[in-house]
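Thanks for asking me to look this one over.

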Amino acid sequence: MEKIINSKHEKSTFHVLIEETFPRLQQLKKEKNRIAFDSLMEKVLPTVKQYINRQLKASIKNKTLPEGKYKVEDFTDELYIEAYENIQDFTEKKQLRLWLFSHADIILEDTIIEEEFDSLFFKNIDDFSKEEWDAMEEQFTKDGDGDLIMLEELDDLSYSKQDYTLANVFIEDN
C-alpha cells in the first residue's frame with residue numbers, strides 16, 4: 001500500500017513540475033537556448049527515466065533487446081532532442097506530459113524493431129553471401145619446389161601448351 005501512495009505522490013509531483021516548467025521550456029525554445037532547455041528537462045525527467053528503465057529491463061528480460069547494449073541515457077537523450085524540436089507544438093501542459101511517456105514508448109519500440117532487424121539480417125547474412133564467398137575462394141596447387149601456385153595462373157595464355165612425354169623427361173643411355 002505504501003508503494004502505491006509513493007507512486008501517486010511521485011506522479012503528482014511530476015505533474016506539478018511539468019506545469020511549472022512548461023512555459024519556461026517553451027520560452028527557452030524561442031530563445032534557442034538549448035543548454036538551459038536540456039538542464040530544465042533534466043529536472044523534469046526523473047519520473048520518465050524511471051519509466052524508461054522499467055521498460056528497458058522488461059525488454060531485456062523478454063530478450064527483445066540485448067543485455068548491456070543500451071542505457072537509459074540513450075533513450076532520454078533522444079527524448080531531450082525530440083522534446084526540444086516539438087515543444088512549440090504543445091498548447092497545454094498536459095500534452096507535454098502525455099507526449100513524454102508516449103514518445104518514450106515509441107523510441108523504445110523503434111529500438112526493439114531495429115534490433116530485431118539487425119539480428120535477423122546479421123544472422124542470415126552468411127546464408128545470403130555463401131555462394132559469393134565460395135565463388136571468390138582461390139584454388140591452389142604446389143609446384144615442384146613445394147611453393148603454392150594459384151590454379152588460375154596455370155591457365156595463363158603465355159605458358160606454352162606443349163604436352164611432354166616420358167621420353168622428354170627421362171634420358172636413356174643406350
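Predicted model: local features only at pLDDT ≥ 70, side-chain atom pairs only at ≥ 80, totals over all residues.

1. Let me begin with a surface residue. Lys 32 has a relative accessibility of 68%, so this residue counts as exposed, the cut-off being over 50%. Lys 32 sits in the loop that runs between α1 and α2. Its phi is near 60°, a positive value in a residue that is not glycine.

2. Lys 63 has a positive phi of about 65°, although it is not a glycine. Lys 63 is placed in the loop between α3 and α4. At 73% relative accessibility, Lys 63 counts as exposed.

3. α3 has 16 residues and spans 22 Å from its first C-alpha to its last, close to the 22 Å expected at 1.5 Å a residue. Its buried residues are Thr 47, Val 48, Tyr 51, Ile 52, Leu 56 and Ser 59. After α3 comes Lys 63, the residue with positive phi near 65°.

4. Here is the overall layout. The protein chain contains seven helices and two strands. Along the sequence, the pattern reads α-α-α-α-α-β-β-α-α. Of its 174 residues, 24% count as buried. The chain exposes about 13500 Å², and carbon and sulfur atoms supply 53% of that area. Among contacts between residues at least 6 apart in sequence, 62% join residues at least 24 apart.

5. Which residues touch the most other members of the largest nonpolar core? They are Phe 37, Met 41, Val 48, Leu 79, Leu 96 and Leu 100, in a core of 31 residues. The helices α1 (2–30), α2, α3 (46–61), α4 and α5 (93–136) each supply at least two residues of this core. The largest share, seven residues, comes from α5. As general background, nonpolar side chains tend to be buried together in soluble globular proteins.

6. Two residues of that region can be taken together. Leaving out residues up to four places away in sequence, Met 41 touches Leu 25, Tyr 80, Ala 83 and Leu 100. Ala 83 lies in helix α4, and with a relative accessible area of 0% this alanine is buried.

7. The structure holds four aromatic pairs. One of them joins Phe 37 and Tyr 84 in an edge-to-face arrangement, with 5.0 Å centre to centre and 80° between the planes. Phe 37 lies in helix α2 (residues 34–44) and Tyr 84 in helix α4 (residues 72–86), so this pair ties together parts that are 47 residues apart in sequence. Both Phe 37 and Tyr 84 are buried.

8. How is the pair of Tyr 70 and Phe 75 arranged? The ring centres lie 5.9 Å apart and the planes meet at 40°, so the pair is tilted. Tyr 70 and Phe 75 are both buried.

9. Back to Tyr 84, where charged side chains come in. The charged end of Lys 29 sits over the ring of Tyr 84, at 4.3 Å from its centre. Arg 34 also lies over the face of Tyr 84, with a distance of 4.5 Å from the ring centre. If you view this site, please show Phe 37 too, as the edge-to-face partner of Tyr 84.

10. My last point concerns a histidine. Is His 103 buried or exposed? At 14% relative accessibility His 103 counts as buried, and this histidine is found in helix α5. Apart from neighbours within four places in sequence, His 103 is in contact with Leu 79 and Glu 82. Leu 79 was named above among the residues that touch the most other members of the largest nonpolar core.

Methods:
Residues numbered from 1 in each chain as written. Heavy atoms only, no water. Phe/Tyr/Trp six-rings, centres within 6.5 Å; stacked < 30°, edge-to-face > 60°. Helix = DSSP H or I, 4+ residues; strand = E, 2+ residues; numbered from the N terminus. Buried < 20%, exposed > 50% of the residue type's maximum accessible area, 1.4 Å probe, protein only. Lys NZ or Arg CZ within 6 Å of the ring centre and 35° of its normal. Core = buried A, V, L, I, M, F, W, Y, C linked by side-chain atoms within 4.5 Å. Contact = heavy atoms within 4.5 Å. Expected span 1.5 Å × (residues − 1). Areas by Shrake-Rupley, 256 points an atom, 1.4 Å probe, with all protein chains shown as cover.
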